[in-house]
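These are my notebook entries on a single structure. I record below what I looked up and how each term was defined.

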Amino acid sequence: MGERIVLGSGKLYIDEFTETIPEDTAIETEEKLLGLIQGGATLTYTPTFYEAKDDLGIVSKKLITAEEAVLKSGIMTWNGNTLEKLCSTARATEEAQQKTRTVKIGGAGNYNGKKYVIHFVHEDKVDGDIRVTIVGSNEAGFELAFAKDKETVINAEFKGQPHDDEGTLIIYKEKDNSITALEA
């Protein structure tokens, strides 16, 4: 098959990280859907290089000194439980009798240190689905804008953290029917 054209957005799932990345079927459930998104999702990988070279430019050596992975998305359908996953100091409580949810946000002493598996799925019935998974947390805070003529969308920015003994920041998985088994 070779090249593919990727069109469209997808769904964003989240689950608390507990040592390993869950199987796709375990995280791709309605209960773990962070919310339907607007404006798509953007994955950014940024390496930082250091280059040592002599004054005459005859010899040089380059190495990566740092890496950063960020997954950004606008979350259009959300509630107070979503805010609890987007803010490391948020605490949500529910009162069943009164059918209310209260979210308290703030207080550095309330920092929970939780990391989440953030799993984006782009469905493509023609070329095959694409999945992007990172482990991290929202480090951009959030803004809630209530306007008379626009839906309130929370722009989350999840910063990836290494989640295995290889330092993996991003898992990109694509379905490609042109992949064939090697013959022995």
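I looked up the side chain of D124 and found that it reaches the backbone nitrogen of V126 at 2.9 Å. A polar contact here is a pair of N or O atoms within 3.5 Å; within protein, one must be able to donate a hydrogen and the other to accept it, and residues adjacent in sequence count only if both atoms are side-chain atoms. D124 is found in the loop between β6 (116-122) and β7. D124 counts as buried because its relative accessibility is 13% (buried means under 20% relative accessible area, with a 1.4 Å probe and protein chains only).

I note that the model is predicted: local features need pLDDT of at least 70, side-chain atom pairs count only at pLDDT 80 or more, and totals for chains, interfaces and linings use all residues. Residues are numbered from 1 along each chain as its sequence is written, and side-chain values use heavy atoms, with hydrogens and water left out.

I then examined rings. My search of the whole structure returned zero aromatic pairs (Phe, Tyr and Trp rings, the six-membered one for Trp, with centres within 6.5 Å). K62, however, lies over the face of F49, at 5.6 Å from the ring centre; the criterion is NZ of Lys or CZ of Arg within 6 Å of the ring centre and within 35 degrees of the ring normal.

Notes: Rings of Phe, Tyr and Trp (its six-membered ring) pair if their centres lie within 6.5 Å; planes under 30 degrees apart count as stacked, over 60 as edge-to-face and the rest as tilted. Helices (H or I, at least four residues) and strands (E, at least two) are DSSP runs, numbered from the N terminus. Buried means under 20% relative accessible area, exposed over 50%, partly exposed in between (1.4 Å probe, protein chains only).
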